[in-house]
Every structure is written in structure tokens, then in C-alpha cells.
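Hello,

Here is the structure I promised to pass on. Please open it alongside this message; my notes follow below.

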Amino acid sequence: MRNYNILITGVGGQGLLTLGSIIGVSCTIRGIDVSVAEVHGMSQRGGSVVVYVRIGQEPGPITPVGGVDHVLALELLEAARYIHYAKRGAHVTVNDFVWPPPLSVHPSRDQLIGELRARDIKLHVVEANEMSEKVLGSPISSNIAILGYALAVDKTLRDLLTLEAVEKALEEHFKGRALELNKLLLKRAYEEGLKSEQCSS
Amino acid sequence: MNYLREHPLLRPRGSRVLLLGNEAIARGALEAGMCFATAYPGTPSTEIVEVLSEVARECSVYAEWSVNEKVAFEAAYSAAIAGVRSLTAMKHVGLNVAADILMSSAYAGVEEGFVVVTADDPSAHSSQNEQDNRWYGLLAHLPVLEPSSAREAYKLVKEAFNLSTRYKIPVIFRSTTRISHTRMPVELEDDVPLNKKCKGTFTRDYERWVLVPVHTRRRKPELIKTWKALSEEERFVTAHNPGKEKVIVSSGLAHSYVREVLEALNMLDRVTLVKVNMPVPLPRKPLLSVLEHAKEILVVEELDPVVEMQLKDLVVTSGYRVAVRGKDLVPENYELTPEAVYRAVAKFIGVEEKVPWEGLEPVKLDPPIPPRPPVLCTGCPHRSTYYALKVAANRAGIRDVIYTGDIGCYTLGYQKPFETQMTCFEMGGSIGVAHGLAKVTNSALIAVIGDSTFFHAGIPPALNVVYNNSSVLVLVLDNISTAMTGHQPHPGTGVTAMSEPTTRIMPETVLSALGFKVYTVYPLDVKKAIEDFTKALEDYKRGEKVAIVSRMRCALEVLRDARRRGVVLPIYTVLEEKCTGCMACVKLTACPAIIVEPGSKKPRIERALCAGCGLCAAICPYKAIVIANKPSEDWVKVWTSL
């Protein structure tokens, strides 16, 4: 099987490792080989974080620049910082959220989206913080919203993971009310993604 | 760790489970009958003993957070000399702390399997250097095993225990960040055994355990004999497609990249691919048989040329005419990437060096994308401490201060606006370095050290400050946790790794026994903290031996506990009409929750990010920052008590 590579990026603390692990568990449930490479410790304290997810047989842990099929970004500056990892025609699902580093001068949201749009990618700008807030009362699960949306717009990813396996993977990461709400958020974000697909096609 | 239904380490044989490399190492050790595990937390090694401590009771094994790596090594080594299989895990620089006993342990050996896991950090993602600990094997005459993936780590650690038992010596197991912190599905081959040896006996063998010179000189030839026997081991080298003139030898993780690159080049069958899982000592026989047919060899390994140098030695002594390439083509610094390995392999094989993956054009904007180094979290107690401390130093009239620093989240205080970490070398270094600088400069010296780091290596240098009489103020930042590695308990928390209550040792008690006049400061109340810091600094200025403990819980733990207990913490907001746009809150806190939108002249506080520490409100000269919600009555308690 051809490898399928996902790059997860955002700001340390946004739930990037959880997102990587949920995708990893989904693959494991599906019986597909996967490798999820994280970085812990110092790099997590509000720093720029990258998680390499490689689906397919026994690749090395790091994806080469230009090898990524789908970028899942929880923040716009980080999406722009790592966009060169994407292949031509790759999906980029990005949270419509700019979280500037403290004391920094930075490009605006529109500048960033404009730059991303100028590239040969399938760009999906998602209000993931808002979706999470509507369901959970805080942006804490923007990662789940991004995943739900990505599954709707990227058929290859959906066929690999399946919505059912992702729901099961959520059961391994959350319990009680948090599980219920995250399942609901996954579904809502998925439906939003399907709607946007229908509009664009 | 997140698996709530059933811990991944407890799943039965035959299960296929997604394991982090460190979890895979822990599970492998359990299957091997290991019963005693020790560590001091350090990225990227932490989760090994962390997950073992989570399942210790169910598996009837013992796990502890030791005070430092030397003590951890001593404890686990002792279990093995008494016949109990044991493991100690540490980050690469941790092994420096334990190096003394490591060297001696090779001479005395063990009675049962003893595995020393060293998790190296190429690219120094979370470390002060990127040393290659395979050298320790050559230095100590101990074997080093190295897996090529997280999955292989699970199998290889079991082999490590068997090797250790067979040769009766410690075995070094070298992982790296990309092994330890990569998740892969692992097929579980065995259950965790119910019956294992957890009680041992100590044989009073003076010639073996008492390394006085006469005994040491008797042990050394034995050690060399074992070393030679180890280099005749054959099982840790495999050759794919043997007999080719071009040979690529790869050790550990490098192997997975080499294979990927050869597949991308469609060249897998053109070369002999040798995979090494025991880089030290390099097994002679399988490599000699490779040399027989080889004309040219490329060695691909992460960091230093450990295999390359041994292989060159083998070429010279065996008399084969083979060219050995390595660090002339493969970078010696930073972790390997598919691109770096591609360029080396392509050049070696003699094909186009341009990588086959084509990335998109990087984003270039004006203003450019700003760098995003790690920063202190919102609500971090260190931010409040650093602010109050600097204001107090000014008030006490202490202008020329050298703030020496240490290892932990608080190291981030080197950044603006705090600049209260001016050195950072190793654990405990803040105090020893301050002592030396106090002796040779006229500056005031404030040594800043975290609670866990203080217990780890801060006590002897603090004692030295008093004994050798230097003008150093010791500041212990006590967030009641080993925060940076994920909130492990330590002697100041009153809890053990296995969640058992134990004697709580306050840094104040230790410091006062060492001869310091100790102040305790609570920076959640910023104004009071400034007053208390000022008093302490005035005493210091008068020449007294002063230590300060600044105590406030880690904000990440506070937020978690508040959520769990249903406590509403304050959330602050900027009153538009009162704010003059002076930016004091932005410039003096660098808090990630305070955001200035492009084009705006006034800051705003991102509600979802505010942790409610109140530092910005205490700083605002116009009282324009106020609480925006209705916090619970007893919210302060979450910040102050466990």
C-alpha cells in the first residue's frame, strides 16, 4: 500500500498529541500500520509543534518535505510555517485562528489565508474554535473539529480511517460527558465538511 | 496513558495495541520478568517509568521516581546484584550524573538482567546538548543495543535482559527521541508473567563488590574477556541481500530511513543492506563476512561515527581493501531526516542527488512569520515570581545582578522581558555557577532553581555556598511538581511514583539546615510577594546568607484540578474605557493570553486562554484590568494547596 502522510501542526497545548494519538488508534483499530512521531517536553510549552503521522508500512518516523498528503493545522501561522511539507494538490485543513507569539509582529489572518490560497492545495478554512465552543463551551476540542471536517473533505483519509473507527478511538481517549460531547462535535464538524463539499462541487 | 478502559501495558498476549516507544520498552521489560524500575524524569525517557508506575501494583512490580539518576542507577543496579531483574531509565545527560557507578558496575557485574535505558535527544528538542551515549559503551566496556523503530524497541528490550543475564553485566539500551516518542501498533507476543523473581539475596562476595585497587585489578581481565566474547555475538546484525560490492551499514533508527530511501530509489536489491542493533561492541563475524565481498561501504548512523570507527578498525585489522564512507556524507549533527539520508545514499550509489519529493513554495510575507519558541504558559507561577523579584531587586537597590539558571520550565525566563536566567548548563548548575561568579565578580548573584532540580542536584552546591562563604542568594521556585516532564511527584510533594503517601520534605527545612535564613514567598499575591522579596533582598544586601522559596502551583495542574473539581477560576478582561494603551501588561508579562490585534492600539485578553493568575491586573497602572466572571469563593485554594 502507498503511504499516506499527515502533518499535524499548531501551538503546544492545543491538543496536537491527542489528535495524533486518535488517528494512530483509529489506524490500529482498522488493522493498518501507522507511525505517529511526537515531540514532548520543552517543545510543548506554547512552542511550535509538529506531529508526523505516516500511514502505511514501516516508514521512518519523519515525513520528507513535499511528502505530506494532508496538513491538519490548529493555527494559521503554524499552517503557513510548515506548508512547504505539503505535496502539490494536498489537502490543508486549517483552524481559522491566529494565535500570535507574545510580543511578536506577525502577518494578518487575511495575508496568511491569501498566501495559502495562492498555492496548489485544497484549502479548507474551518471555524474549529467556534465549533468546539458551541458544543463544549470552550475551544478545547478544536482538534476534534478539525479531524471531523478533514474526514468529510478528504475521501482517501475517510476510507483509511473511517468515521466508525475514529469514534471508537475517541472512546479510548475520553469518558463520560466529555466523550459524548466530543463524539457530537466530530459529527457536527463532519457534517459541516460535507456541506461545504456539496457547495463547492 | 490516556487509555481509560484498560491500560495498554496490561493487555493480553495477541493484542495489537498502539504504543509509544517508551510504553513499548516498558511492556517489553515487564514481559521479560523485570520487577524493579527506577528513574528520574527527563525528556525523552520519562514515560518508561511513568507507565510502569501506573501498572506497578497490578503487575506486582516496584517503580520509583528516584531523587536523581545516580541514585536511580544505584537502586536498580543493586536489585540486579541481588538477583532481581531491573531497569533504570534516563535521558542522555542523566547518564552523566550516573556515570560514576556505571563505570564501576561493569567491573562488578550483575547476577540478573539489568538494563540501563538511555534516551538520547538528537537535535536537542528538549535538552542542553545532543551527546551520543553509545560512547559510554566503549568507555565502560558494556554492550549497547539500539532499536530501529518503536516497535522493534519492544522486542529488543527483552533481548537486552537476556544478554545481560547471560554475560552477567549491565546492558545499555539506547533509544532516541524518534524511538521513544513515536507511536506504532505492537503485536504483544507474551503476557506479563505472574510469577517473577522480586526478592533477591545479597552474597557477601568482598572481592567482587568491594572495588578496592587489588580487587579492581583482578576484575578488569574478566571484563575484557566478556567484552571480547560480546564482540563475537552474531544475533544483533542482519544482512539483507548479501554479497554485493556496495554495502550500506545502518545502526538503529537510521535503518528505517535507509530502507525508505532505497525503496524510493528502487535500489533495494542493488546493495547489501546491513542492519546493526548492537553498535557496541560491533559484532565482528557478521561484518567480516560482509567485508569479504564489499568494495565500498557507507555507514549511516545518527550523531557520532561510533559504528564507522569500529568498522574502520575492523577493516584495518582484517586486511580487506574496502573504502568506508560515513560522516563525510551523513551529517554528524542533528537528527537524521529522509532528505539527509537520501543525499548521502544517492551520492554513495552514484545517482542524482536531488530529492524525489517536491515541497511547495515556503511562505514569504511581510511581516514574516515570527518564530515561536516555547514560552511560559498562561498563569505560570514563574512569570509572577520573575516579575516580583525584579521589582523587588530594584526596590532593594540591587542593580547589578547575575541570575544564574537551571533546568526546567523556568529556564524560559532567559527570554524578554524577564532575563532572569543568564546561564543554563546542567542540573543543579545554577548554585555552583553562582558560587564561582560571586567569588570573581562584584555582581549580586541570584541562583534560580526549580524544586525538583533543587532536590536532584542543588543541595551539595548550596552547602558549598555556606561552607565556602560566597555571596549567593538561592531562590527555589517551588511549583510542587516536576512540571516540565509532565508533573511527576518528588520529595517535596509527599507522594511516591506509586501514589503512596510519604514524608514531605520542604525545601525550607533543607535550606535552613544548610545554614540559610529562609523566606517563603507566595507570588499569587503579587504585591505581598514584592514586599517579601524586598525584605529578603535587603537581608542579602547586608551580607546575610539568604534563601527564598517561592511557592505557587503549576498553572497546568491548577487548571486541570479546577476543571475536575468544578471550581471557577477568575478570568480577566481589559476595560476599554480605562485602558490607555500603555502596553505595560503586554511588555512586562509576555503572557500568551494578552493579544494585540494588528492595527489595534489596545490589548485584549483572550478569554479561553486566561488562567486567572492576576499578574496583569496587579501590574496595570490604570486599574483597567478586572475580573470578568464570577469565580468560586475558594478559588485561591486550588492555586495554593494540593
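A:Ala37 has B:Thr182 as its bridge partner in β8(B). Keep in mind that this is a predicted model. The two strands involved are β2(A) and β8 of chain B, residues 182–187. They pair in the antiparallel sense, over two bridges.

The wider contact between the chains comes next. On chain A, 55 residues are in contact with 54 residues of chain B. Several elements of chain A each supply at least two residues of the side that touches chain B: α1 (16–30), β2 (34–37), α2 (76–81), β5 (86–95), α3 (109–117) and α7 (163–173). That side of chain A is made up of 24 nonpolar, 21 polar and ten charged residues.

Now look at α3(A). Which of its residues are buried? A:Leu112, A:Glu115 and A:Leu116 are. Viewed down the helix axis, the buried residues of α3(A) fall within an arc of 100°, so they line one face of the helix. An α-helix has 3.6 residues a turn, so residues three or four places apart point the same way. What covers the buried residues of α3(A)? The cover includes α2, β5 and β6 (122–126) of chain A. The face turned away from the buried side carries exposed residues: A:Asp110, A:Gly114 and A:Arg117.

Last, the domains of chain B. The assignment gives domain 1 (8–231), domain 2 (237–349), domain 3 (381–553) and domain 4 (560–640). Taken over C-alpha atoms, the centres of domain 1 and domain 4 of chain B are separated by 46 Å.

Best wishes

Key
Residues numbered from 1 in each chain as written. Chains lettered and ligands numbered in written order. Predicted model: local features only at pLDDT ≥ 70, side-chain atom pairs only at ≥ 80, totals over all residues. Contact = placed C-beta atoms within 7 Å. Helix = DSSP H or I, 4+ residues; strand = E, 2+ residues; numbered from the N terminus. Nonpolar A, V, L, I, M, F, W, Y, C, P; charged D, E, K, R; others polar. Pairing = 2+ DSSP bridges. Buried ≥ 20, exposed ≤ 12 C-beta atoms within 10 Å, placed from the backbone. Arc of directions from axis to C-beta. Domains from an automatic or database assignment.
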